Amino acid sequence: MPLKRGKKKPAAEPNVGPFSDIAFLLIIYFILTTTLSAMMGNKLDIPAARENPKKSKKEQPTIVLSPEKLAWGKQQEDVTLRQLRVKLMNLNLSARPQGKRIVVLDCAPKTAYQKYYEVVMAIEEAGGVLGMITQRGETGAED
Amino acid sequence: MGDIAFLLIIFFILASIPKGQVELAHPKADDLGEIEKSGASVVMDEEGQCYFQGDEVPVEALVGLIKGYFENPDKDRKVVVEIDRNLPYEVFKDVYAAVSEAGGIVVARGIVKGDN
């Protein structure tokens with residue numbers, strides 16, 4: 001009679017089937033949560049700052065910005081951002097020579113960057129050049 | 001199949017968590033255009049801390065650093081400026097002035113109103 005050899009019991013192997021299910025679920029999750037958005041913004045035209053206190057600023061439109069208000073011109077007429085855009089567009093700045101496009105922005109120290117950014121973008125959209133006041137009474141802009 | 005799946009997982013994990021990015025709230029505005037990611041970047045976070053090319057730097061040193069960066073004539077003059085939307089003017093004005101004084105072109109980054 002032939003000897004019966006005992007069958008070798010197969011080594012216990014973990015069930016790897018669910019691993020691939022989990023892997024695909026994670027893939028789907030990260031595909032949905034990953035955002036590949038483009039960077040948005042605008043190029044700003046800011047001349048190098050120079051002190052020029054004697055320069056007449058009568059021809060340069062002026063915007064006054066503070067946390068409480070947005071004002072236009074020497075009369076400091078209260079305006080909304082939309083009204084400001086209209087006034088800037090009416091100046092037809094893009095048709096002027098380079099040195100005549102300066103729009104002076106007098107900003108209060110506590111003004112948040114959000115408000116400042118919106119005004120600066122409006123100036124840029126109208127074809128203007130930003131003139132920053134670096135110290136009170138002096139514009140950081142050249143002609 | 002499992003190996004490919006895990007490789008894809010690792011890829012999307014790395015793609016969704018960019019390294020060295022400073023967290024800040026970008027300002028919102030209308031009519032923004034797409035900007036290129038230029039070589040130079042200046043970031044000011046919500047605490048007013050300034051970063052140039054990812055390195056923490058004092059604002060006073062920004063002019064010199066940017067000028068040094070532009071010494072290479074192949075470098076683009078555009079400097080992408082990112083500032084937290086809640087910072088006051090007295091804190092961030094020096095950033096704009098520094099880039100302008102160094103001869104750079106400010107590219108102010110923001111997000112379009114309505115986007116997160």
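Helix α3 of chain A is largely enclosed by the rest of the structure, because 10 of its 13 residues are buried (20 or more other C-beta atoms within 10 Å of a residue's own C-beta, placed from the backbone; 12 or fewer is exposed, in between is partly exposed). The model is predicted: local features need pLDDT of at least 70 and side-chain atom pairs count only at pLDDT 80 or more, while totals for chains, interfaces and linings use all residues. Residues are numbered from 1 along each chain as its sequence is written, and chains are lettered from A and ligands numbered from 1 in the order in which they are written. Helices (H or I, at least four residues) and strands (E, at least two) are DSSP runs numbered from the N terminus.

**Helix α3(A)**

- A:G127, just after the helix, has a positive phi of about 85 degrees.

**Contacts between chains A and B**

- In chain A, 38 residues are in contact with 41 residues of chain B (C-beta atoms, placed from the backbone, within 7 Å).
- On the chain A side, the elements giving two or more residues are α1 (17–33), β1 (40–44), α3 and β6 (129–135).
- Of these, α1(A) gives the most, with 9 residues.
- Strand β1(A) runs antiparallel to β7 (residues 105–112) of chain B, joined to it by 5 bridges (strands pair if DSSP finds at least two bridges between them).
- One bridge pairs A:N42 with B:A108 of β7(B).

**Nonpolar core**

- The largest nonpolar core has 49 residues, and those with the most contacts inside it include A:L105, A:V119 and B:V81 (a core is a set of buried Ala, Val, Leu, Ile, Met, Phe, Trp, Tyr and Cys residues joined through C-beta atoms within 7 Å).
- Helix α3(A) supplies the largest share of this core, 8 residues.
- Beyond four places in sequence, the contacts of B:V81 include B:V42, B:V95, B:V99 and B:A108.

**Residue A:C107**

- A:C107 lies in strand β5 (residues 102–107) of chain A.
- A:C107 is buried, with 20 other C-beta atoms within 10 Å.
- Its C-alpha atom is 4.7 Å from that of A:L65, 42 residues apart along the chain.
- Leaving out residues up to four places away in sequence, A:C107 touches A:L65, A:Y116 and B:Y89.

Note on methods: Two residues are in contact if their C-beta atoms, placed from the backbone, lie within 7 Å.
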